[in-house]
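User: Could you walk me through this model? I would like to begin with the strands and then move on to other parts.

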Amino acid sequence: MNHAAFAEDALIVQRINKKPRGKQSIMWTTTFIDINGQCKEQKMVFGNNYPDSDMKGKPKGIKKMLEERKLWKTELNLDCKKCKKKKDLGRIDCCLKKIMASQPDFVSQKSTIVELIKGAAKKYAKNYCDYTLTGLQKIVLQALELIDIIIIRKMG
Ligand SMILES: [Zn+2]
């Protein structure tokens, strides 16, 4: 796997902490559609006008990000067993990470990464494997599993 394919500042929900500060990479400024249908910019770090000067330039936690999007739900946990076990993939509001990951900007980020991997897998298949569809599908699946492993390693 080519680790350089994953931008340090990509929007990846596994990289977000519940609370601000902590070990978390700084993600790029993004946009989201608010409840009135307006496209709004969201910075992933606290700006210079933030009242607590200690927090300036520090990464926002998932709570702050969701509050700004009016999606924060106090009763939910950061993640849940179903998500950890990758069960019931259709849910979008079981836990905070899932809500964030279901936001269009995060979804499109993930699909960009998947496209990158598919491209790399195709190349790999052409060079090293019999270029059959099943062979290719297998490699893509393996590559997708690698995404999670790489993200977990980066967090650790
Ligand atoms: Zn969940």
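Analyst: S1 and S2 form a hairpin with five residues between them, and Gly 37 in the turn has a positive phi of about 80 degrees. Strands here are DSSP runs of E with at least two residues, while helices are runs of H or I with at least four, numbered from the N terminus. This is a predicted model, in which local features need pLDDT of at least 70 and side-chain atom pairs count only at pLDDT 80 or more, whereas totals for chains, interfaces and linings use all residues. Residues are numbered from 1 along each chain as its sequence is written.

User: In which sense do S1 and S2 pair, and over how many bridges?

Analyst: Strand S1 (residues 30-33) pairs with strand S2 (residues 39-42) in the antiparallel sense, over four bridges; two strands count as paired if DSSP finds at least two bridges between them. Within this pairing, Lys 40 in S2 is the bridge partner of Phe 32, and Cys 39 in S2 stands opposite Ile 33.

User: And what about the rest of the chain, what pattern does it follow?

Analyst: The chain has five helices and two strands, and along the sequence the pattern reads β-β-α-α-α-α-α.

User: Which residues make up the largest nonpolar core?

Analyst: That core has 12 residues: Leu 11, Ile 12, Val 13, Ile 16, Met 27, Ile 62, Met 65, Leu 96, Ile 99, Met 100, Ala 101 and Phe 106. Helix H1 (62-68) and helix H3 (96-101) are the elements that give two or more residues to it, with H3 giving the most, four residues. A nonpolar core is a set of buried Ala, Val, Leu, Ile, Met, Phe, Trp, Tyr and Cys residues joined through C-beta atoms within 7 Å.

User: Why does Val 13 count as buried?

Analyst: Val 13 is buried because 22 other C-beta atoms lie within 10 Å; the cut-off for buried is 20 or more such atoms, for exposed 12 or fewer, and partly exposed lies in between, with C-beta atoms placed from the backbone. Val 13 lies in the segment before S1, and not counting residues up to four places away in sequence, Val 13 touches Lys 97, Met 100, Ala 101 and Phe 106. Contact requires C-beta atoms, placed from the backbone, within 7 Å. Val 13 and Met 100 are 87 residues apart in sequence, with 6.6 Å between their C-alpha atoms.

User: Switching topic, where is Lys 70, and is Lys 70 buried or exposed?

Analyst: Lys 70 is found in the loop between H1 and helix H2 (81-84), and Lys 70 counts as exposed because it has 10 C-beta neighbours inside 10 Å. Although Lys 70 is not a glycine, it has a positive phi of about 60 degrees.

User: Where is confidence lowest and where is it highest?

Analyst: Confidence is lowest in helix H5 (residues 133-155), at a mean pLDDT of 60, and highest in H1, at 93; pLDDT is the predictor's confidence in each residue, from 0 to 100. Over residues 1-5 the pLDDT is below 50, and beyond near neighbours in sequence this stretch has six contacts in the model. Where pLDDT is low, the predicted coordinates should not be read in detail.

Note on methods
Contact = placed C-beta atoms within 7 Å.
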